[in-house]
Amino acid sequence: MKIKTLLVGLLLMTGVASASAQTDSICISNSSVSHEAVRAGNFKDAYQPWRVVLDNCPLLRFYTFTDGFRILKYFLDEDNKANNNARTSEEYKKYFDELMEVHDLRLKYIPEFQKTVKNVPSVESSIGVKAIDYISYAPNPDVDQAYAWLSESANAVQGQSSVPVLHYFLEMSMNKLKKDESHKEQFIQDYLNATQYVDEAIENAKDGAKDQFQNVKDNLVALFINSGAADCESLQEIYGDKVEENKNDLEYLKKVIDIMKMMKCTEEEAYFQASYYVYQIEPTTDAAAGCAYMAFKKGDIDGAVKFFDESIDLETDNIKKAEKAYMAAAVLTSAKKLSQARSYCQKAISYNENYGAPYIMIAQLYATSPNWSDESALNKCTYFLIVDKLQRAKAVDPSVTEEANKLIGTYSRYTPSAQDLFMLGYKAGDRITIGGWIGESTTIR
C-alpha cells in the first residue's frame with residue numbers, strides 16, 4: 001500500500017513538473033515572439049503572445065511590462081484617432097483598464113525583479129510613471145487620484161524625478177486648489193518642494209538634460225504665479241493666524257519666512273510675526289532682518305537699525321551683509337538721519353565694493369542738503385560731488401547705469417557757472433572741500 005501511494009505521488013510530481021516545464025516553454029516562446037514584434041513596431045501581432053506571458057508568467061522578463069505599455073498605448077492612440085479623441089468606446093476603456101493593470105502588476109513585482117535584475121526602477125518612481133499614463137489616457141482623470149500618486153512619487157524620489165512627474169505634480173496640485181480652497185497652503189508647499197527637486201535635478205543632470213529641467217522650473221514658476229496663491233494678501237490670509245498657533249514651531253516659522261521672502265511679501269504682518277518668534281527661539285540673520293522691518297513699520301527707527309545691526313553680525317555672506325547695511329541706510333534716510341545713513345551706505349560698500357546702490361543713495365543724501373556756505377556758487381559745487389558718486393556707482397555696478405545716468409542728467413544742471421566761481425577765486429581743475437556734515441572734496445569742472 002505504501003509503495004502504491006509513493007508511486008502515485010511520484011507520478012503526480014512528474015506530471016506537475018512536466019506541466020510547469022510546458023508552461024515555461026510556452027512563456028519563453030511567446031515572450032520572444034511578442035518582444036520581437038514590439039521591437040519591429042508590429043503591435044497588433046505582439047498583443048496576443050504578450051498577453052499569454054503576462055497572464056501566466058509575469059516574472060519571466062521585466063520588459064514584459066514595458067512592452068505592454070507600448071502595445072496598449074498603440075491601441076489607445078489608434079482608437080483616439082478613429083474616434084476624434086472621444087475616449088468613449090468599449091475598446092478604449094478595455095485597453096485603458098489593461099494599461100492600469102500592467103502598471104499595478106509591475107508595481108507588485110518590482111521588489112522581486114530588484115533581487116535579480118539590474119537597473120530596475122523603484123516602486124515610487126514607477127508610481128509617477130503610472131500617474132503620467134493615467135493623466136494621458138484616462139477617459140475622465142480624477143485630479144485627486146493623479147495628485148495622490150504624483151505627490152507620493154515626487155516627494156519620495158525628489159531630485160531623481162522625471163521631467164513630466166515634476167511638472168504634473170504641481171499642475172495637479174494647482175487643479176486640486178481650483179476646486180478646493182483649503183488646499184492652498186499645501187499647494188504652496190508643493191511648489192516649494194517641486195522647485196527644490198528641480199534644482200537638485202539641474203545640479204545633477206548632464207548638459208542635455210539641464211535645459212529640460214530648467215524649462216520645467218520656468219513652467220513651475222509660471223504655474224505658481226497663475227495659481228492665484230502667489231499674492232501677498234493670500235499669503236497673509238493663509239499664515240496670519242497660523243503663525244500665532246505655531247509660534248513655538250521653529251521649522252514651521254522658518255518655512256513661512258522663506259515663502260514670504262521668496263514672494264517679496266516682507267511687508268505683511270505674518271512675515272513680521274514669524275520673524276519675531278524665530279528670533280526669540282533661534283536668532284538668525286533673516287529673523288533679525290524681519291524684526292527690523294517690523295520695527296520700521298511701527299515707526300521705531302532706532303529699533304530697526306538695532307535689528308539690522310544684529311542681522312549683519314549674524315550674516316556670513318558679505319553680499320547679503322551689504323544688502324542689509326543698505327536697508328539700514330534706507331531706514332535712516334526716511335528719518336532724515338543723513339550722516340548715519342551715509343555711514344551705513346559706506347558700510348555696505350565695504351562689504352561689497354561692486355554695489356552701486358549705496359553710491360546712488362549717498363548722492364541723493366547730498367542732494368537733500370547742498371547748502372553749506374553763504375556763497376550760492378559754492379553751494380552749487382556740492383553737485384560736482386553728487387555727480388562723482390553717481391559716476392562711481394555705474395563704474396562699479398553696470399546694472400545701475402540707467403538710473404545713474406538719469407540722475408547725472410538731472411543734477412548736472414545745478415552745477416555753478418565758471419564765471420561765478422572765477423569771481424570767488426576758483427577755476428576748473430581746482431579741488432574744493434564741501435563743508436557742513438558732508439566734509440568731502442571734489443574737483444571743479
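Mentor: A residue is called buried when its relative accessible area is under 20%, exposed when it is over 50%, and partly exposed in between, computed with a 1.4 Å probe and with protein chains only. The model is a predicted one, in which local features need pLDDT of at least 70 and side-chain atom pairs count only at pLDDT 80 or more, while totals for chains, interfaces and linings use all residues. Residues are numbered from 1 along each chain as its sequence is written, and side-chain values use heavy atoms, with hydrogens and water left out.

The setting comes before the links themselves. The protein chain forms 21 helices and 2 strands, where helices (H or I, at least four residues) and strands (E, at least two) are DSSP runs numbered from the N terminus. With a radius of gyration of 35 Å, well over the 22 Å that the globule rule gives for 445 residues, the protein chain is more spread out than a compact globule. That radius is taken over C-alpha atoms, and the rule is 2.2 Å times the number of residues to the power 0.38. The C-alpha trace spans about 135 × 50 × 40 Å along its principal axes. Of the 445 residues, 45% are buried. Among contacts (heavy atoms within 4.5 Å) with a separation of 6 or more, 58% are between residues 24 or more positions apart.

I now turn to the links. A disulfide is a covalent bond between the sulfur atoms of two cysteines. Here the term is applied to a pair of cysteine sulfur atoms within 2.5 Å, and by this rule there are 2 disulfides.

One of them joins Cys 27 to Cys 57, with an S to S distance of 1.9 Å, and its -115° about the S-S bond makes the link left-handed. This pair connects distant parts of the chain, 30 residues apart: Cys 27 belongs to helix H1 (residues 2–39), whereas Cys 57 sits in the loop between helix H2 (43–56) and helix H3 (63–82). Cys 27 counts as buried because its relative accessibility is 2%. Cys 57, at 11%, is likewise buried.

The other disulfide joins Cys 232 to Cys 265, S to S 2.0 Å, and is left-handed with -85° about the S-S bond. Its partners also lie in distant parts of the chain, 33 residues apart: Cys 232 is in helix H10 (residues 232–245), and Cys 265 is in the loop between helix H11 (250–262) and helix H12 (269–281). In terms of cover, Cys 232 is partly exposed, at 22% relative accessibility, whereas Cys 265 is buried, at 1%.

When the bonded cysteines are numbered in sequence order, the pairing reads 1-2, 3-4.

Two further cysteines deserve mention. The closest cysteine sulfur to that of Cys 291 is in Cys 265, and because it is 18 Å away, it is too far for a bond.
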